[in-house]
Amino acid sequence: MTEKVIVSFENVSYTYPGSGKFALKGINLEVIEGEWLAVLGANGSGKSTLARHFNALLVPTQGACLVGGSDTRTVEGQRFAREMAAIVFQNPENQIVAAIVEEDVAFGPENLGVPPEEIKRRVERALKETGLTDLAGKPTYALSGGQKQRLAVAGAIAMQPPCLVLDEATSMLDPSGRQELQQVLWRLHSEGMTLVSITHRMEEILRCDRCVVLNGGSIVWEGSPLVLFRDEDQRLGQWGLEIPPLVAVWKGLVESGIISGEAPPVLEEMVSALCP
Amino acid sequence: MRFLNHLTLGQYVPTGSVVHKTDPRAKILATLSILTGVFLADQWQVFALWAAFLTIVVVMSRLPLSMVLRTARPVIFLVVFTAVIHLLFSQGTPIFRFGILKVTEEGLRMAFKMGSRLFLLVIFAGTLTLTTSPTELADGLEHLLSPLKPLGFPAHEMAMMMTIAIRFIPTLLDETDRIMKAQLARGADLDSGGIIKRLRAFIPVLVPLFVIVFQRAEELAIAMESRNYKGGAGRTRMNPLVWRSRDSVAFLTVLVVTVFLVFLNSRMSLV
C-alpha cells in the first residue's frame with residue numbers, strides 16, 4: 001500500500017509582516033495520512049507559526065504548502081485547507097464561540113453549510129467521541145479546563161477534517177485534563193485520523209509515530225520518539241527540550257548496567273520490564 | 001464565579017417547557033408587544049393584571065418564580081430610587097410632611113406607577129432571556145432584522161456580536177474578579193473612600209482587563225476563521241427556526257392581551 005501524503009511543506013519560509021526575521025526557514029515536511037506526528041520545539045522555535053500553515057491561517061512567504069494536494073496560496077487551496085485540517089489552540093477559553101456546548105460543536109459544520117440533520121448527527125458523534133454527551137445542553141462557562149479543551153476538539157472533529165492539528169492544546173490543562181485529552185486523541189488516532197501534536201512536553205510524544213524538532217524556525221531533527229529520547233549526541237538541551245523523567249530514570253538504569261534495552265515508552269511497560 | 005451568583009440577566013435556564021419551545025421570533029415580538037403595553041399602563045388595576053399575566057407565563061415556563069424575580073436584582077436600586085424621587089418631589093396635595101420633604105397623593109401614585117412599570121419591564125425582558133438560549137435569541141433577531149439587509153443593515157453580524165458578547169460575559173466577569181483579587185493582594189484599596197477615589201482605584205483593574213479583552217478578541221477571531229467562519233453567507237443552522245401554528249397562537253394571544261389591557265387602561269384613565 002502506498003502512503004498518501006496529506007500535507008506537504010515544500011521549502012516553506014515565513015516572515016511575519018513588519019519583522020525582518022524568518023519565523024520559519026526552509027521547512028520540508030510531509031505528513032502521511034493516518035500517522036501521529038509530533039512537532040517539538042522550545043518557545044519561539046516556530047511551532048505555532050508552522051501549525052497555522054496547516055489550514056492556511058498563514059500562507060508561506062516563500063515555498064509552498066500543499067494541503068490535500070492543493071496550494072494554500074490560492075483562494076481555492078485556502079478553502080480546501082480549512083476543510084482538510086482543523087486546529088485546536090492553546091487556550092480553550094478563546095475558541096469557544098457559543099454559550100451552550102452542543103451549539104458550539106455545531107459552529108464549524110454550520111459554517112461549512114452542512115444540512116441541519118447531518119449537523120445533528122455530527123454533533124452527537126463528536127460529543128460521544130470526546131465524552132461530552134452528558135454535557136450537551138450545559139453552558140460552556142460551567143465546564144472545567146479539560147472539558148473545555150475536549151469541547152474545542154469536538155468542535156474541530158465535527159467538521160470531519162482528515163487531519164487534526166493540536167497547537168499546545170494541553171499546555172493550559174491540569175494533569176487530569178491532559179490525561180482526558182490524551183485519551184481522546186489516542187481514540188481518534190486508532191480510528192485513523194491524522195494527528196499533528198505541536199508541543200514542548202516530551203512525555204506527550206511517547207505514543208507518536210514520528211517526531212520532528214524545530215529550532216530557530218528550521219527542522220533540526222526527524223525520527224522516532226524512542227531514538228530522540230536516547231539523545232545520543234546530547235542536543236536536546238541546546239534545543240530547549242528535556243527528556244521525560246521516566247525515560248531519564250530508565251536511561252540511568254541502563255547506563256549503570258542494572259537493566260538493558262531501549263526505553264519502553266509507557267509506565268506500565270517499564271514496570272513490567274523492571275519487575276517481570 | 002463569585003459575580004455570577006448575583007447575575008441572572010441573560011442566562012438561559014432550559015426546562016423544556018412550552019414557553020421555551022416557542023419560536024424565538026414569536027417570543028421577541030410578544031415581548032415587544034408586552035413592553036409597549038406596560039409602558040402605556042398607568043392604572044394600578046392594569047399593573048395588577050400585567051403581574052397576573054406574568055405569573056401565568058412564569059408558571060407555564062416551569063421556572064421557579066424566585067429565579068425570575070432575581071432578574072430584577074441588578075435594577076432594584078434604580079426601581080427604588082425612581083420611586084423615592086417621585087414620592088418625595090412630586091407636586092400636588094400633601095398627605096404628610098417631614099420638614100422640607102412632603103409626600104403628596106400624586107407623588108405616591110407616581111412612585112407606584114414608575115416603580116411597577118420599571119419592575120415589570122425588567123422581569124418580562126428577563127423571562128425572555130431565561131426561556132430563550134442566546135443563540136436562539138440571536139437567530140430570532142437576525143431573522144426579524146433580515147428585511148433590512150438590502151438596505152445594508154448588518155443583521156447577521158449584529159446577531160453574531162450578540163452571541164459572542166453573551167458568551168463572554170461570564171468569562172470577563174471571572175477575569176475582572178481575578179484581576180481585582182490580584183490587585184488586592186498587591187495592596188490595592190478598592191473599597192474605601194469617596195466615589196472619585198474608588199473610580200480611580202479601579203483604573204489598575206480596567207487597564208489589564210482591556211488588554212486581556214483585546215488579546216481574547218484576536219485569538220477568538222483566529223479560532224473562528226480556523227473553523228471556517230466567513231460571515232453569514234452560506235451558513236446553515238443545526239436548529240433552523242420553524243414558525244409553527246402554536247407560535248402564531250402564542251404571539252396572537254399576547255397581542256390580544258396587550259390590546260385588551262391598553263384599551264382597559266385608556267377607559268379607566270377617562271373615568
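How many helices and strands are there in chain B? There are 11 helices and two strands, where helices (H or I, at least four residues) and strands (E, at least two) are DSSP runs numbered from the N terminus. The model shown in these views is predicted, so local features need pLDDT of at least 70 and side-chain atom pairs count only at pLDDT 80 or more, while totals for chains, interfaces and linings use all residues. Residues are numbered from 1 along each chain as its sequence is written, chains are lettered from A and ligands numbered from 1 in the order in which they are written, and side-chain values use heavy atoms, with hydrogens and water left out.

**View 1. Chain B as a whole.** Reading from the N terminus, the elements of chain B follow the order α-α-α-α-α-β-β-α-α-α-α-α-α. The C-alpha trace of chain B spans about 65 × 60 × 40 Å along its principal axes. Chain B has a domain 1 (1-132 + 241-271) and a domain 2 (157-235), with bounds that come from an automatic or database domain assignment. Between the C-alpha centres of these two domains of chain B lie 31 Å.

**View 2. The hairpin of chain B.** Here β1(B) and β2(B) form a hairpin with two residues between them. In the turn, take a look at Gly99(B), which has a positive phi of about 55°. Strand β1 (residues 94-98) and strand β2 (residues 101-104) of chain B run antiparallel and are joined by four bridges; two strands pair if DSSP finds at least two bridges between them. Pro94(B) stands opposite Thr104(B) in β2(B).

**View 3. The sheet of chain A.** Four strands of chain A make an open sheet in the order β2-β1-β4-β5, with antiparallel pairing. At the edges stand β2 (22-32) and β5 (70-71) of chain A, each with a single partner strand, so one side of each has no neighbour in the sheet. Strand β1 (residues 5-15) of chain A runs antiparallel to β2(A), and seven bridges join the two. Follow Thr15(A) across and you reach Phe22(A), which stands opposite in β2(A).

**View 4. The domains of chain A.** Chain A is split into domain 1 (5-243) and domain 2 (244-276). The C-alpha centres of domain 1 and domain 2 of chain A are 30 Å apart.

**View 5. Where chain B meets chain A.** The contact (heavy atoms within 4.5 Å) takes 33 residues from chain B and 37 residues from chain A. About 3100 Å² is buried between the chains, 54% of it from carbon and sulfur atoms; buried area is the accessible area (1.4 Å probe) that two parts lose on being put together, summed over both. Arg167(B), Arg227(B) and Met238(B) supply 29% of the area that chain B buries against chain A, more than any other three residues.

**View 6. Salt bridges and the elements behind them.** Chain B and chain A share four salt bridges, each a side-chain nitrogen of Lys or Arg within 4 Å of a carboxyl oxygen of Asp or Glu. In one of the salt bridges, the side chains of Glu225(B) and Arg82(A) meet (3.4 Å, N to O). The elements of chain B that give two or more residues to the side touching chain A are α7 (134-145), α8 (155-185) and α10 (203-226). Of these, α10(B) gives the largest share, eight residues.
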